[in-house]
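Reader: I am new to this structure and would like to go through it slowly, one question at a time. Could we begin once it is shown?

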Amino acid sequence: MPRVTVEQALEQAAWHRQQGRREVAEAICRQILGQHAGHVQAQFLLGAVLADSGRLDEAGVLLRDLDTRQPGDAGVSLTLASILRRQGDVDEAASVLQRALQQFPDDAAVCQGLGLVERARGDLSAAIGWLQLAVHKRPDFVEGRNNLGLTLTEAGQPEAAIEHFRVALRSAPSVAELHYNLGIALAALGRHADAAQTYRRATELNPGYVDAFINLGTALKTMGQLDHAIAALAQAIRLQPSRAVSHSHLAAVYEWQARHDEAVASHRRAISLAPDDAAIHGSFLYTLLFHPAYDVQALRAAHDAWSQRHSQALAPMTVRCENDRAADRRLRIGYVCGSFRDHVLGRYLMPLLREHDRAGFEIACYSNNRGDDHVTADFRRLADIWRDIGRLSDVDAASLIARDQVDILVDTTLHMEGNRLLVFARRPAPLQATIGGYPGSTGLAAIDYRFTDVHLDPPGADDDAYVEQSLRLPATFWCYDPLDEEHAVGPLPADSEGRITFGCLNNFSKVNDEVLSLWARALHAVEGSRLIMLCHEGSHRRHTLDALKRLGIEPGRIEFFGYRPRSDYLELFQRVDISLDTIPYNGHTTSLDSLWMGVPVVTLVGKTVVGRAGLSQLTNLGLPDLIAFSPEQYVSIAAALAADHSRLRELRRSLRSLMENSPLMDAKRFARDVEAAYRRIWQRWCGQDPGGC
């Protein structure tokens with residue numbers, strides 16, 4: 001056989017690297033270097049192969065040596081800078097690239113390298129500038145446009161990002177990564193159908209693209225195509241069974257289909273694969289609130305397990321006792337929220353922030369928004385201090401809050417998406433509390449207090465269910481504001497339909513076999529009645545119909561409606577005579593919406609705090625006769641109300657006025673009650689020994 005030249009061997013090594021056979025490429029390069037010590041091309045290729053394999057220290061030694069021996073080689077400079085950047089040494093990476101730029105001022109790849117360094121530093125504006133220069137110097141620079149698009153998306157400019165991805169795709173339509181990244185930008189704009197199409201194209205080009213299948217699944221979930229979402233996520237799991245996020249997203253879809261046992265099982269699998277991921281574990285805690293089998297003790301144990309795993313080992317920040325301990329001074333309250341926008345959490349917070357007494361309280365908002373909207377601007381105007389922390393690490397966000405000298409730091413999200421509980425775990429403020437979100441527990445000992453009300457948590461009841469100390473508001477946990485939604489209350493549907501229409505427009509996650517049994521009994525008790533429900537299309541609808549048919553309810557008495565924009569959703573109440581509540585998780589916002597639209601809610605009091613929302617809301621409205629304490633009473637109340645059309649007409653006429661004149665919509669009273677609690681816990685802290693704070 002003819003001898004292979006060094007050049008041919010290098011070509012073979014490069015080919016093997018391109019095919020992903022790094023071990024073969026490495027062996028060839030080492031063989032060449034064994035025979036030709038210091039061979040520049042072999043050493044460079046070996047360094048690149050080692051970097052591909054994540055062996056950055058070894059690669060860095062080889063590339064530094066080459067950079068010394070071969071100054072002025074752009075390829076060496078770029079590869080070395082990439083290694084340094086991945087090692088976190090961005091300053092040295094920048095120095096290497098700046099030297100290269102002096103020699104190669106028109107090199108687009110060097111400009112791109114500097115952009116990636118600035119992106120790693122967190123300076124997205126500077127990064128965008130360098131990457132724009134790179135594509136200006138080389139308009140057909142596909143890699144540069146891809147990185148520019150990614151950076152623009154990260155900087156909250158997805159529209160501009162989309163244009164660069166589309167330009168890159170005209171040159172490289174078969175690059176799956178470009179389709180995938182375009183999907184991310186489209187999803188950031190809420191264009192989930194378009195995003196799903198691009199993710200699907202990425203999977204067609206690369207059938208093993210796990211991330212594309214995951215994002216396709218999440219896009220389909222958002223679109224309400226739940227069965228298709230399950231199929232995409234199942235494929236991601238088949239391709240990479242050990243990927244925790246796939247199981248976590250699958251659990252979320254199961255939850256939306258009210259497949260509670262399967263959701264819990266998928267969450268447990270995700271936790272076992274990523275035991276250190278606090279967000280994945282926290283999603284599991286939120287899911288447990290919907291599961292009928294989890295009582296107060298089981299929920300407390302699950303939250304304690306989360307805290308022990310994710311927060312107890314975190315070193316708190318240096319205890320800050322320099323806060324002025326004057327008991328009556330103006331306090332700085334910091335609200336941490338990922339929903340300072342048109343979102344249910346935002347709608348709860350808006351009245352409180354709007355009515356805060358600015359003479360006694362200074363308001364700092366720490367926004368973890370993934371995207372802002374028209375409501376975000378209103379929140380900004382209500383804040384004395386506004387900080388975006390979405391791109392900050394937990395450590396950096398905690399340091400920022402500590403520098404701001406917040407007196408009371410307030411979580412608004414608990415374990416829902418967008419929380420920053422691990423910021424609170426570092427205790428950047430002397431006092432910490434949670435309000436809004438849902439009336440539960442964070443499980444985090446670093447959060448001193450949880451807001452609730454005297455109906456959700458009667459004094460002395462279930463205090464051991466929470467690690468936080470309960471601050472019981474004297475009236476209501478909720479302050480409702482429809483935020484300028486103009487919808488008149490319509491006539492009673494039964495008057496024109498000639499039959500009673502029950503409704504449940506709650507999140508379908510709150511449905512379970514016990515709920516279906518209750519509803520079936522109510523339908524049996526009211527002849528000719530029907531039930532409308534809000535839920536996405538999919539196999540769970542058939543399961544619901546089958547379950548109700550086994551209970552004697554024919555499918556023709558059930559009507560499903562898909563999820564819809566808020567305005568259209570509120571209009572759907574015009575077709576409902578009586579709303580039927582869910583258990584163990586009552587309706588919260590949905591019940592308030594129902595009451596606002598003149599539709600009474602029949603509730604069953606649950607055994608956990610999320611199941612006592614109806615009790616709190618109806619008590620605040622002076623409607624205790626709609627509160628049931630047993631399944632039998634629930635059915636009896638529903639049947640009696642359905643038979644009393646004059647009462648239904650009166651409620652339809654008066655409920656909105658009752659709401660407007662109740663604590664549920666008295667924003668000034670709500671703000672004063674919350675502020676009184678803030679002042680009370682502050683004065684308590686002021687009286688403590690400073691050495692123990």
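Reader: Which helix gives the largest share of the lining of the second largest cavity?

Author: This is a predicted model, and in it about 80 Å³ of space lies in the second largest cavity. Among the residues that line this cavity are Tyr 348, Leu 349 and Leu 352, together with others such as Phe 477, Trp 478 and Phe 670. The largest share of the lining amounts to three residues, and the element that supplies them is helix α19 (residues 344–355).

Reader: Which element gives the most to the lining of the second largest pocket?

Author: The second largest pocket has a volume of about 500 Å³, and of its 22 lining residues the closest to the centre are Leu 78, Thr 79, Ser 82, Arg 85 and Glu 143. Two or more residues come from each of α3 (40–52), α5 (74–86), α7 (108–121) and α9 (142–154). With eight residues, the element that gives the most is α5.

Reader: Which word describes how α27 lies relative to α30?

Author: The axes of helix α27 (residues 589–596) and helix α30 (residues 645–660) come within 8 Å and cross at roughly 120°. Because an angle of 65 to 115 degrees counts as roughly perpendicular and one over 145 as roughly antiparallel, the word for α27 relative to α30 is oblique.

Methods:
Residues are numbered from 1 along each chain as its sequence is written. This is a predicted model: local features need pLDDT of at least 70, side-chain atom pairs count only at pLDDT 80 or more; totals for chains, interfaces and linings use all residues. Side-chain values use heavy atoms; hydrogens and water are left out. Axes are lines fitted to C-alpha atoms, for helices over the stretch in contact, and angles run from 0 to 180 degrees between N-to-C directions. Helices (H or I, at least four residues) and strands (E, at least two) are DSSP runs, numbered from the N terminus. Angles under 35 degrees count as roughly parallel, over 145 as roughly antiparallel, 65 to 115 as roughly perpendicular and the rest as oblique. On a 1 Å grid over the protein atoms alone, a cavity is a set of points where a 1.4 Å probe fits but cannot get out, and a pocket is an open set with protein on both sides within 12 Å along at least five of seven lines; lining residues have an atom within 4 Å of a point. Grid points are joined across faces, edges and corners, and a volume is the space filled by probe spheres set on the points.
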